[in-house]
Amino acid sequence: MIPRRIAAALASFVAAAATLHAADTLPHVLISRQLSESEHIAVGDVVRLSASADDGAAQQFRVAGVYEPTPDPARLGAVIREVQLHLPDLLTLTREPGMPAGSEFVETINVALVDPADAAAFSRDVQARMPGVSAQPSTGAAESTGPFLVLRRFHLAIAIVTIVASTVFLLALTIMLVDERRAAVGVLRLIGLPIRRVLVQLFIEGVLIACIGSMFGVALSLVSEGLINRFFQWRYDTALVFVRVTPEVAAICVAIAVPLGVSATVVASWALLRRNGLRLARR
Amino acid sequence: MNAMGFAWRSLVRQPARASLGVLGVAAVGALLFDMLLLSEGLVISMRGLLERTGFDLRVTATDSLPGQGPLIPNAVAEAQAIATLPTVRSAIALRFANATILNDRPRGFYTSFQGVAGTAQHPWTILRGRDIGTGAELVINENTATRLQLAPGARLVLRAACTGEEQALPPMPFTVAGVAQFPFDTPNGATLATSLDRLADACGGNESGEADVIMVASQESAGTAAAVADVAKLLPHLRVLSNAEAVNRFERGGFTYFRQISTVLTTVTLSFAVLLITVLLTVSINQRLGEIAALRALGFSRWRVVADVLCESVLIVGGGGLLSLPLGGLLALGLDTILKRIPGIPAEVHFFVFRPEALQVHLLLLAAAAVIAALYPIRIVARLPIAATLREEVGG
């Protein structure tokens, strides 16, 4: 049976490790990697934990393992010194003197459903049957409210500004590039190619350049994804993933970049093609 | 005609591409300017907010933030002892809790609730009505007054929640003495404040005299450092933190994310600007190679044509840079509004804060971008073979 574990950010970590040859009947705890590194505690060490700073009712535990804390953006920058105990051990450790066993409470109960798609219905059902209890599906709760939604909007706003700046530059560049070919376009017009035919050719060129540019951009973002994640994971000592280039994100980028690139080419070309063929071919 | 005038005429001759170049630099520059404002904005804003409260020391039981750690036992007596120190002007004890105002809603109206004790001025500003007296009175913030339509003199009943544990404390009646502004209020937050004794009563009366934090104002003549030393000596079992230390801790905390993102975006934005200006200038120069060769043949020196290219770059970046300041200001207002929706951020804290140093760095970075972007086109014109270019262009 896998016992239920509960995170315990204990107020006091009374004694650092000492590898005592205590009896194996000691209850087991897990400690976070950060706590293990900062206090030099290894698997098998015996530690003493107390719920208060005055060493009152401290108990011995054996470190059964070191774990990497679940990445939590809300704790970014914090050094996670954390111990995980079996729930009965934690309740015994924190129970007030005189309080009968079994009268304690827990803050949260995590429920794994057979079908995760039932989360919303299950949550409604629990709240209807147990007034005063708040049941929330875990997926989406973090994304739909709070800092995550705000940061998402912030990044979106910055992306919009970047797109605007890129579009302006792209337009300037295409005007120059098209202008550079004014003589060639003028000759094509003079030998009888209609404006539409020349425009189609420039359009296809624009599509090709935009597609290649978009693919290069996606490849660059895939490379920078790893670099950015590694830098921030090192900086904050966390396993949190900061940048993730998903197929959806890549598709959105391509869907924005290609039409923008093609539009810039067509707009710049159209401005040029409206001129007289002789004027274009003139040196 | 000097190089700058010549470069100006070169740009004016092709207004569309020059305008687009300037607009592009303006957009990138606006983003760059905002990232520089963001890099220190939150810390500067928080420092200003801490200083505006009028207290420059915070005393807590542990290193935890006030309200997140254990209470200070005998805080009122400790605050009185601190206030007698020669380096200290005044001290107050503050305790934080939550409360639900019982009204016609099934779950009541949830608020944060604080209690204060001490002789110093209370850490809020009265907007209407008066400050709390010795009775069961409280002051409320504007959000509470608006949402519950309460005015000074109104009566309300609340149920306090003073620890993380489930409690069923008895409801307590209070009278609204006034409406106040609290420095650390969030934009939508509801806050109530009363005396520490009344808060302790509402919390069941078991922890009278205890507080989360003692806020201390030092004597101006003595200075903060002396007051910190005196308080730490008087109460060695408590943690004493000056505003500067609190800001340092804040800087090291989770919000360094914005500084990091600002650094990354500044680097990316600047690289983007340099790359694009280089391409613009290079394409422009390539289209005018014959013209430049002709000028060299007419007697323009190598340095003179190099200066022309550099001036062209300076004009594009300079024009865009000037436009980027108002654009960046407007963009900063919009981005600040977005970021201030992060829960728990006080209404008076801003993410984008103007400081002269940011403007200086912005101008320096743009100047560097103008020079670096011009390097490759400069190399082209400096090494241009006059006769071969003219022959090629004319014979073309």
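Helix 1 of chain B passes helix 10 of chain B in a right-handed crossing; a crossing is right-handed if the near helix is turned clockwise from the far one by less than a right angle, and left-handed if anticlockwise. This is a predicted model, in which local features need pLDDT of at least 70 and side-chain atom pairs count only at pLDDT 80 or more, while totals for chains, interfaces and linings use all residues. Residues are numbered from 1 along each chain as its sequence is written, with chains lettered from A and ligands numbered from 1 in the order in which they are written. Helices (H or I, at least four residues) and strands (E, at least two) are DSSP runs, numbered from the N terminus.

Axes here are lines fitted to C-alpha atoms, for helices over the stretch in contact, and angles run from 0 to 180 degrees between N-to-C directions. Angles under 35 degrees count as roughly parallel, over 145 as roughly antiparallel, 65 to 115 as roughly perpendicular and the rest as oblique. From helix 1 of chain B, Ala3(B), Met4(B), Phe6(B), Ala7(B), Trp8(B), Ser10(B) and Leu11(B) meet Arg304(B), Ala307(B), Asp308(B), Cys311(B), Glu312(B) and Leu315(B) of helix 10 of chain B. Contact means that the C-beta atoms of two residues, placed from the backbone, lie within 7 Å. The contact of helix 1 of chain B with helix 10 of chain B is made up of nine nonpolar, one polar and three charged residues. In this scheme Ala, Val, Leu, Ile, Met, Phe, Trp, Tyr, Cys and Pro count as nonpolar, Asp, Glu, Lys and Arg as charged, and the others, Gly among them, as polar.

Another pair in chain B is formed by helix 2 (residues 15-52) and helix 11 (residues 356-382), whose axes come within 9 Å and cross at roughly 140°. Helix 2 of chain B and helix 11 of chain B are therefore oblique to each other, and their crossing is right-handed. Gly29(B), Leu32(B), Phe33(B), Leu36(B) and Leu37(B) of helix 2 of chain B make this contact with Ala358(B), Val361(B), His362(B), Leu365(B) and Leu366(B) of helix 11 of chain B. The contact of helix 2 of chain B with helix 11 of chain B has eight nonpolar and two polar residues, and no charged residues.

Turning to chain A, nine helices and six strands are found. Of its 283 residues, 17% count as buried; a residue is buried if 20 or more other C-beta atoms lie within 10 Å of its own, exposed if 12 or fewer, and partly exposed in between, with C-beta atoms placed from the backbone. Among the chain A contacts between residues at least 6 apart in sequence, 73% join residues at least 24 apart.

Helix 7 of chain A packs with helix 8 of chain A at an angle of about 150°, their axes being 8 Å apart. Helix 7 of chain A is therefore roughly antiparallel to helix 8 of chain A. Helix 7 of chain A passes helix 8 of chain A in a right-handed crossing, and the residues of this contact divide into 19 nonpolar, seven polar and one charged. The buried residues of helix 7 of chain A are Leu202(A), Gly206(A), Ala210(A) and Tyr236(A), and these pack against helix 8 (247-273) of chain A. Val200(A) also lies in helix 7 of chain A, but counts as exposed because it has 12 C-beta neighbours inside 10 Å.

As for the contact between the chains, 26 residues come from chain A and 31 residues from chain B. Helix 5 (146-180) and helix 7 (195-236) of chain A each supply at least two residues of the side of chain A that touches chain B. Helix 5 of chain A gives the most to that side, with 20 residues. The side of chain A that touches chain B divides into 20 nonpolar, three polar and three charged residues.
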